[in-house]
Amino acid sequence: MKVLIYLHHPAHFHLFKNIIDNISKHNEVLILATKKDILENLLLLKGYKYINMLPKGRKNNKFSIAFGLLKQDLKLLNICLKQKPDLLVGTSTEIAHIGKLLNIPSIFTNEDDIKAVPLIGILAYPFAKHLFVPYVCDVGKWESKTIKYNSYHELAYLHPKNFTPSIEVVKKYITIKEKYFILRFSDLSAHHDKNKKGISNELAIRLIHILKKYGRVFITSERKLDKIFEKYRININPLDMHHFLYYSSLLIGDSQTMSAEAGVLGVPFIRYNDFVGKISYLNELENIYKLGYGINTSNEDYMISIVKKIISKNDIKKLYINRRDKMLKDKIDYSSFLSWVINNYPNSIKVIKENQDYQYNFK
């Protein structure tokens, strides 16, 4: 079978890297990617061959988004007519459009509720053959075409079966003699980020002043950093980032994905943005498993109080690892599950629909 996988964001590289390796043993895999942040760099570092769907990138205004989507639809149409894939898989709306047009089945993966990413519900869900989302994710009226699983995207690459943290990797960059903390700044310029706020420069300065009394501070950022923050920037191989995150004492950021990554690794996180309370899988990590805090931008002083509470505790790492272990007992290895789905498609869909508990074979 020829499987086309379309990646749209650096997080989706991590989501699919183990799946690509798994299914490549039994299928021909064609990788497509857009120019987003460090996505191309990650693909090159991994040694994957891929087709760049949007070499020059694009601006984040409505016209550029619409024009870029049309260009990518047409380019994907041309690729599919030439390559004749049997299955389209990914996180980009184009696979739903072209799959519907050419009668090629598509598996569209997502973990955000439809209200948080309404354009996905409009542009992708009506056309996709199958939607794959975590159990807690709300897909609106599209339940009939949805396969729900008990896991998170982040467990496709950070489940203990797929990731073993290495202190030696971290030692390539720093000497582990004291605690260190990570600040993560998102770009917040996507269509669904409109009018959403995160960590301002003023708040970042305030946080650094507090944190550096207890350890070192590192910054990783999608957005351009002001010069005042450059000395805190993490300059490491992107493939080593999760090792660096695992051994940190706290993540503070306005990123959904990196907050979830910290949570599934057992690293306490504080997610500070205007999406708090609106994304079910993060609500679960924060409120059910107590792996982090989601704090709205209207509560800056409360956020600061939580930072001080966490960094003043000496046994915090053990507490959060125990909470993480409890979460892992409930969840499956998503990469093994989706790999099995693809390798055995379409019979795998029939098996799941007849017995939803079948997914627990992948714990």
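Visitor: At what angle do helix H14 and helix H15 pack?

Guide: Before anything else, please keep in mind that this is a predicted model. In it, helix H14, residues 334-343, and helix H15, residues 347-354, pack at an angle of about 120°, and their axes are 6 Å apart.

Visitor: Why are H14 and H15 called oblique to each other?

Guide: Angles of 65 to 115 degrees count as roughly perpendicular and those over 145 as roughly antiparallel, and the angle here is about 120°. H14 and H15 are therefore oblique to each other.

Visitor: And which residues make that contact?

Guide: On the H14 side the contact is made by Phe337, Trp340 and Val341, while H15 brings in Ser348, Ile349, Val351 and Ile352. Sorted by kind, the residues of this contact are six nonpolar, one polar and no charged.

Visitor: New topic: how many residues are in the largest nonpolar core?

Guide: The largest nonpolar core has 96 residues, and those with the most contacts inside it are Phe132, Phe244, Ile252, Val307 and Phe337.

Visitor: What does Phe244 touch?

Guide: If we do not count residues up to four places away in sequence, Phe244 touches Val170, Ile174, Tyr180, Ile182, Phe218, Ile234 and Ile236.

Visitor: OK, on to Thr146. Is it buried or exposed?

Guide: Thr146, which lies in strand E7, residues 146-149, is buried, because its relative accessible area is 10% and buried means under 20%.

Visitor: What does its side chain reach?

Guide: The side chain of Thr146 reaches the backbone oxygen of Trp142 at 2.7 Å.

Visitor: What about His12, where is that?

Guide: His12 is in helix H1, residues 10-23, and it is buried, with a relative accessible area of 17%. Its side chain makes a polar contact with the side chain of Thr91, at 2.8 Å. Apart from neighbours within four places in sequence, His12 is in contact with Leu7 and Thr91.

Visitor: And Thr164, buried or exposed?

Guide: Thr164 is exposed, with a relative accessible area of 62%, and it is found in the loop between helix H6 (155-158) and helix H7 (167-171). Thr164 and Leu245 are 81 residues apart in sequence, and from C-alpha to C-alpha they are 12 Å apart in space.

Visitor: Which residues of helix H11 are buried?

Guide: In H11, which covers residues 280-288, the buried ones are Tyr281, Leu282, Asn283, Glu284, Leu285 and Glu286. What covers them includes helix H10 (256-265), strand E11 (269-272) and strand E12 (292-295). H11 is followed by Lys290, whose phi is positive, near 55°.

Visitor: Last one: how far apart in space are Ala116 and Ile234?

Guide: They are 30 Å apart in space, C-alpha to C-alpha, and 118 residues apart in sequence. Ala116 lies in the loop between strand E5 (106-109) and helix H5 (118-123), and it is buried, with a relative accessible area of 9%.

Terms used:
Residues numbered from 1 in each chain as written. Predicted model: local features only at pLDDT ≥ 70, side-chain atom pairs only at ≥ 80, totals over all residues. Heavy atoms only, no water. Helix = DSSP H or I, 4+ residues; strand = E, 2+ residues; numbered from the N terminus. Buried < 20%, exposed > 50% of the residue type's maximum accessible area, 1.4 Å probe, protein only. Polar contact = N/O pair within 3.5 Å; in protein donor to acceptor, adjacent residues only side chain to side chain. Core = buried A, V, L, I, M, F, W, Y, C linked by side-chain atoms within 4.5 Å. Contact = heavy atoms within 4.5 Å. Axes fitted to C-alpha atoms, helices over the stretch in contact; angles between N-to-C directions. Parallel < 35°, antiparallel > 145°, perpendicular 65-115°, else oblique. Nonpolar A, V, L, I, M, F, W, Y, C, P; charged D, E, K, R; others polar.
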